[in-house]
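I opened my notebook to look through this structure one piece at a time. Here is what I looked up, in the order I went.

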Amino acid sequence: MIWGAPGIGKSSIVAQVAKEHKIDFVDVRLSQLAPTDLRGLPVAEDGISKWYPPEFLPHSGRGILFLDELNMAPPAMQGMAQQLILDRRVGSYVVPEGWYVWAAGNRKEDRAAVFDMPTPLANRFLHLQVEPDFDSFKAYALANRVHEQIIAFLSFRSNLLHKLDPQQPAWPSPRSWVMASLLHQAGLDITPAIGSETAAEFAAFIKLYETLPELTRILSNQGDAIPFPEEPSVRYATTIGLAVRANDALQADNAFTWLSKVAAAEWVQLFAVDLFRSMRAKEQIGALATLVQKNPQLQGFLKNFQGLVTL
């Protein structure tokens with residue numbers, strides 16, 4: 001049972017686990033179902049009433065049966081789910097071998113419309129608390145092509161990754177930042193996704209992009225005369241911009257070389273972690289590793305390279 005605030009990606013975590021292990025994933029939103037939707041419908045057969053299970057429940061293979069919003073379901077629905085979870089069956093349906101039953105829910109302190117979970121049901125779960133973590137989100141964002149300006153802004157203002165505001169319909173969370181990225185890529189206002197206050201901060205940050213170094217020249221190995229910015233927010237934007245815009249190992253190596261000449265070691269290491277994640281997503285990590293190992297200007301970072309390259 002995964003507990004956590006709304007919008008931090010509980011269901012995405014479970015789906016990602018299933019994908020990485022190459023098993024199936026069935027997402028059932030219990031709060032949207034009635035008991036008969038889960039148990040099935042009774043059908044008379046030879047004078048006996050038999051329950052015909054719903055088609056969305058798994059019948060073969062291996063995977064995760066994910067009961068999302070478990071504690072948002074009313075008590076009658078939780079009672080039906082309890083039979084499925086404890087006995088691995090409901091009505092005439094039996095959960096196949098090789099299927100894991102996972103669940104998720106919001107906490108009362110998040111002001112979500114939740115019901116108390118029955119103690120017999122709660123006692124059958126392993127309970128995990130999930131918290132927002134920017135490094136984890138950034139790794140996901142780089143791998144899934146979230147807009148570079150979103151990543152750069154959150155690198156500078158990571159406390160705005162998740163800021164629950166029950167008084168407002170829109171507020172920042174990992175889920176809403178991904179939506180904001182899609183709006184921003186389309187040239188649309190991101191206020192409907194993250195709220196007016198956070199959107200105003202983001203708009204102010206975007207103005208800094210007018211002061212960025214010429215990243216295209218750096219990526220093409222023409223940045224010898226370009227200094228590293230002084231303003232911390234612009235530094236974050238520069239390192240993220242280079243990591244995201246490097247299309248291949250050669251451009252990445254050029255950016256790596258430039259930064260190692262003009263920036264302190266902590267900025268180079270921060271950049272390297274993001275660069276390797278981005279290159280892995282673009283299937284260029286092997287080529288980049290070869291170039292870095294051959295680059296005499298980067299020999300001082302080779303000791304940490306093996307650890308960074310596996311991130």
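Before pairing anything up, I noted that two strands count as paired if DSSP finds at least two bridges between them. I also reminded myself that this is a predicted model.

**Entry 1: strand 5 and its neighbours.** With that rule in hand, I looked at Phe66 and found it opposite Trp102 in strand 8. Strand 5 and strand 8 pair in the parallel sense, over five bridges. I then turned to strand 2 (residues 24–29), which runs parallel to strand 5 and is joined to it by six bridges. Val28 has Leu67 of strand 5 as its bridge partner.

Next I checked burial. Six of the six residues of strand 5 (residues 63–68) are buried, so the strand is largely enclosed by the rest of the structure. In a regular strand the side chains alternate between the two faces of the sheet. Here I saw Gly63, Leu65 and Leu67 pointing one way and Ile64, Phe66 and Asp68 the other, all of them buried.

Entry 2: I found Asn106 in the loop between strand 8 (99–105) and helix 4 (119–122). Is Asn106 buried or exposed? Its relative accessible area is 12%, and buried means under 20%, so Asn106 is buried. Its side chain makes a polar contact with the side chain of Lys10, at 3.0 Å.

**Entry 3: the nonpolar cores.** The largest nonpolar core has 50 residues, and those touching the most other members are Leu154, Trp177, Leu242, Phe256, Phe271, Leu275 and Leu288. Helix 13 (residues 265–281) gives this core its largest share, seven residues. I also noted a second, separate core of 25 residues, which includes Val26, Ala81, Tyr93 and Val101. Back at Leu154, I listed its contacts beyond four places in sequence: Phe134, Phe137, Leu160, Leu161 and Trp177.

**Entry 4: helix 9.** In helix 9 (residues 196–206) I marked Thr198, Ala199, Phe202 and Phe205 as buried. Seen down the axis of helix 9, these buried residues fall within an arc of 115°, so they line one face. The face turned away from them carries the exposed residues Ser196 and Glu197. I traced the packing of the buried residues to helix 6 (148–156), helix 7 (174–185), helix 8 (191–194) and helix 11 (232–245).

**Entry 5: a tryptophan in helix 12.** Trp258 is in helix 12 (residues 249–262), and at 4% relative accessibility I count Trp258 as buried. Leaving out residues up to four places away in sequence, Trp258 touches Ile218, Gly223, Ile226, Pro227, Phe228, Thr238 and Leu242.

How values were computed: Residues are numbered from 1 along each chain as its sequence is written. This is a predicted model: local features need pLDDT of at least 70, side-chain atom pairs count only at pLDDT 80 or more; totals for chains, interfaces and linings use all residues. Side-chain values use heavy atoms; hydrogens and water are left out. A nonpolar core is a set of buried Ala, Val, Leu, Ile, Met, Phe, Trp, Tyr and Cys residues joined through side-chain atoms within 4.5 Å. Buried means under 20% relative accessible area, exposed over 50%, partly exposed in between (1.4 Å probe, protein chains only). Helices (H or I, at least four residues) and strands (E, at least two) are DSSP runs, numbered from the N terminus. Contact means heavy atoms within 4.5 Å. The arc is that of the directions from the helix axis to the C-beta atoms. A polar contact is a pair of N or O atoms within 3.5 Å; within protein, one must be able to donate a hydrogen and the other to accept it, and residues adjacent in sequence count only if both atoms are side-chain atoms.
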